[in-house]
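This briefing covers helix packing and charged side-chain pairs. Please read it alongside the sequence and coordinates.

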Amino acid sequence: MEELHSETQQAEPEPAPKIIGLTGGIGSGKTTVAHFIEEFGFPVYYSDDRAKTIVNESDDLKIKIKELLGEESYDEQGLYDRKFVAGKVFNNSDLLQQLNEIIHPAVRIDFENWVKKQSKYLVFKETALLFELKLNRQCYKSLLVTAEDNIRAKRVMDRDNKTYREVEAVMEKQMPERDKIKMADCIIYNNTNLEELKEQTEKVIFAIE
């Protein structure tokens with residue numbers, strides 16, 4: 001009987017990869033860290049980039065977004081007008097929440113399908129709103145990329161040719177860094193240079209068990 005059992009016993013399925021939530025405020029260097037993670041051989045799901053694609057691909061989302069924000073949410077070519085939408089929701093938290101409630105479930109499904117195709121023991125979900133939307137609860141660990149506020153502001157000013165006041169207005173809308181630091185499982189401080197940032201990234205991600 002034992003021999004028969006061993007012949008019919010099925011191999012155990014591969015364990016699901018552990019999901020690491022990767023986040024950081026504007027100018028933190030989150031995307032740079034994501035690229036380093038890819039260099040180290042781990043897949044990264046870029047939630048914000050995928051959301052930009054999904055709002056243009058999904059007819060259902062197009063209908064719901066137009067109903068919420070108006071026909072101008074999409075331009076004459078039928079593409080999502082990010083500038084118009086940003087202007088509508090920037091100072092309207094209720095509208096922003098309703099927009100998130102439309103987009104994020106679709107992104108979540110897209111992410112779940114992506115995870116099923118991965119084979120590494122760790123996968124990373126890059127998202128700006130990891131803590132704000134409580135997405136960290138769906139992750140094995142959360143990884144925060146942070147930097148001093150003045151450093152982040154200067155990076156964005158140099159990168160996007162914005163004034164300090166413009167950058168400050170965006171930063172004020174985001175969760176304070178001190179609150180994110182309290183919630184994060186792992187932290188990368190990006191206050192120096194790219195070489196140091198890459199070394200920190202390697203050390204942090206390979207320490208995750």
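In this predicted model, the buried residues of helix 7 pack against helix 8 (164–173) and helix 9 (177–183). The buried residues in question are Arg152, Ala153 and Val156. Seen down the axis of helix 7, they fall within an arc of 100 degrees, so they line one face of the helix.

**Helix 7**
- Exposed residues Asn150, Lys154 and Asp158 sit on the face turned away from the buried side of helix 7.
- The 12 residues of helix 7 (residues 149–160) should span 16 Å at 1.5 Å a residue, and the end C-alpha atoms are 16 Å apart, which agrees.
- Asn161 follows helix 7 and has a positive phi, near 55 degrees.

**Helix 2**
- Lys30, Val33, Ala34, Phe36 and Ile37 are buried in helix 2 (residues 30–39).
- These residues cover an arc of only 160 degrees around the axis, which puts them on the same side of helix 2.
- Gly41 follows helix 2, with a positive phi near 100 degrees.

**Salt bridges**
- The count comes to 13 salt bridges.
- Asp149 and Arg152, three residues apart in helix 7, form a salt bridge with closest N and O atoms 3.0 Å apart.
- Arg152 is buried at 4% relative accessible area, whereas Asp149 is partly exposed at 44%.
- Asp160 forms a salt bridge with Arg159, with closest N and O atoms 3.0 Å apart.
- Salt bridges that share partners join Asp149, Arg152, Glu177 and Lys180 into one network.
- In helix 4 (residues 59–69), Lys64 and Asp60 lie four residues apart, about one turn; the closest N and O atoms of their salt bridge are 3.3 Å apart.

Key
Residues numbered from 1 in each chain as written. Predicted model: local features only at pLDDT ≥ 70, side-chain atom pairs only at ≥ 80, totals over all residues. Heavy atoms only, no water. Buried < 20%, exposed > 50% of the residue type's maximum accessible area, 1.4 Å probe, protein only. Helix = DSSP H or I, 4+ residues; strand = E, 2+ residues; numbered from the N terminus. Arc of directions from axis to C-beta. Expected span 1.5 Å × (residues − 1). Contact = heavy atoms within 4.5 Å. Salt bridge = Lys/Arg side-chain N within 4 Å of Asp/Glu carboxyl O.
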